[in-house]
Amino acid sequence: MVEDIVIETKGLRKTFISKGKGGKKEVEAVKGIDLAVKKGEIFGFLGPNGAGKSTTQKMLFTLLCPTGGEAKILGYSLEEQQEQIRQNVGCVSQAGGADLASTGLENLVLQAQLYGLDLSTSKKYASEFIERLQMSSFIERPASSYSGGQKRRLDVALGMIHHPQLLLLDEPTTGLDPQSRVYLWEEIKKLKAQGITIFLTTQYMDEADKLCDTISIIDNGEIIVTGTPAELKSNVGGDIVEFTFQSEEIVRNAEALLTDRIDVEKIQTKNNSLHLYTRNGGNILPELLRLFDAKKIEVQTITSSRPSLDDVFLKYTGRSLREDERK
Amino acid sequence: MSKMLHDTRLMFIRNMQHTIRNPVFIFASMFQPLLYLLLFMPLLNGLGGVPGLPAGKTVDVFIPGLLVMQALFGTAFVGFSLIDDIRTGVIERFLVTPVKRPAILLGRILRDAVILLLQCILITLVAIPFGLSVNGGGFLLALLLYALIGVTMASVSYGFALIYKIEDPLAPTLNTITLPVSLLSGIILPLVLAPLWLQDVGNFNPFYYAVNAARALFAGNFQNVAIAEGFVIVGALAILLFLWGLRSLEKMAS
């Protein structure tokens, strides 16, 4: 194993047995994934709900035994050295897990003690994070009274209290207001500047785009693509033009008209809209409009854009990342 | 081993803090046995003289059993607090730290046992003006027996809480266990009054032996074989069910 790799998985697999009406059924939640997270980077692990993202995260958290494959975290075997992994990795789950009936301070001190630190060191570490994450104004109140952003800061401090070199963050900004999101992004960047490696699970493309050095996208239990945000976006190609039409029938007509053109790389349709991937959106647009006009196809709106990570996801999966939630 | 003690101590303190912050619940769960003492025991006094209830000594027979009932019902529902901790992710957070797994449960169970003993002492004190006579050494040993019953019931409660992870099925499950177990232990009325078949069924109830042992201890009959029987049976049950609860916890992380 290369020394610079802090998380390495090979063919990591998880199968669940679900007992349904038709007897026992095997569900392959994670179908053998390879990951390589380099020391000091922010690694984004992206995917829609139910893609196998949380299952993978749980395996890395040592909360779920893999069905197959290997994984090494900080050089420790996930199968045999869970104690060492727990001692050296910081984990922040989506729920956070702060004890709401206790104050933030009590939470932090207990957490440090659970990592084997004595009381005075625990208090010292707690006050260090209270200052660093600006929590002093509320830290002595019960955590049940915290705002979403305040609680999330406490969650992150709980995961960091023992100064791990690797931090696993599970959807850290889900449910936060925009201001708190930006604040947390800044904090994550600061951690990176201190040399801490961060494995970040997220379903927000903008978050991955702003923060991550490397991104892996998981869908249906498989990694579909890995690369830097820039690489992934350049894979999508030049421009994306999105047309919307009155009805799905018109979308189909328009699609039929465009399929055979050589300057169109890929077409995807969804409901009343049609996405067109092309090398040169500027030139092709006027021509397409004339073509639609001639065939009496009425275009409602046109948007042309440079590719975003959302488009990356759409290109590789044929779906948008957060489709389920929009429904 | 020292890490186990260290972690158990931390978990015990954390849980105790929560209980002390809401002391109302300590007293709320004493309400039921106090009602039995005030509103049911007078009825029993009128029965004095039937087999198993010597005239004028009903209180001495009733109180040791009533405390077994408190041990059963007072700790049976502790699992609800664990479900809260599962839902808010607290248990998962503990599980990703190097904390010893058994300590997570032991810290809670020891808290429950301490609270239970406090309740038992208070109820006994209240019963003394009603004519209760109790052997001092026997009472201390009886407290140990009650603690073991508490450990047993708390383990059952936590075990199911860890399996269900939601409240709805927990209360019916626990009621289904505690009610027959307490009816068949001769707490309210001595089992010698029961028809033979009912006595036979009662013989399979571990808590029946606990009630007999507690009564012998209160009376100071240390030669009575029921005492050893009670400790062995309830002790074994406490260990078994604690291990079962622990397995449920470990399954959460597998």
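Trainee: In which loop of chain A does E171(A) lie?

Mentor: E171(A) belongs to the loop that runs between β7 (166–170) and α6 (178–193) of chain A; helices (H or I, at least four residues) and strands (E, at least two) are DSSP runs, numbered from the N terminus. The model is predicted, with local features needing pLDDT of at least 70, side-chain atom pairs counting only at pLDDT 80 or more, and totals for chains, interfaces and linings using all residues. Residues are numbered from 1 along each chain as its sequence is written, chains are lettered from A and ligands numbered from 1 in the order in which they are written, and side-chain values use heavy atoms, with hydrogens and water left out.

Although E171(A) is not a glycine, its phi is positive, at about 40 degrees. E171(A) counts as buried because its relative accessibility is 4%; buried means under 20% relative accessible area, exposed over 50%, and partly exposed in between (1.4 Å probe, protein chains only).

A positive phi is also found at K165(B), about 65 degrees, and K165(B) is not a glycine. K165(B) sits in the loop between α8 (136–164) and α9 (170–183) of chain B. With 36% relative accessibility, K165(B) counts as partly exposed.

In chain A, N220(A) has a positive phi of about 50 degrees in the turn of the hairpin formed by β9(A) and β10(A), with 2 residues between these strands. Strand β9 (residues 214–219) and strand β10 (residues 222–227) of chain A run antiparallel and are joined by 5 bridges; two strands pair if DSSP finds at least two bridges between them. Within this pairing, I217(A) stands opposite V225(A) of β10(A).
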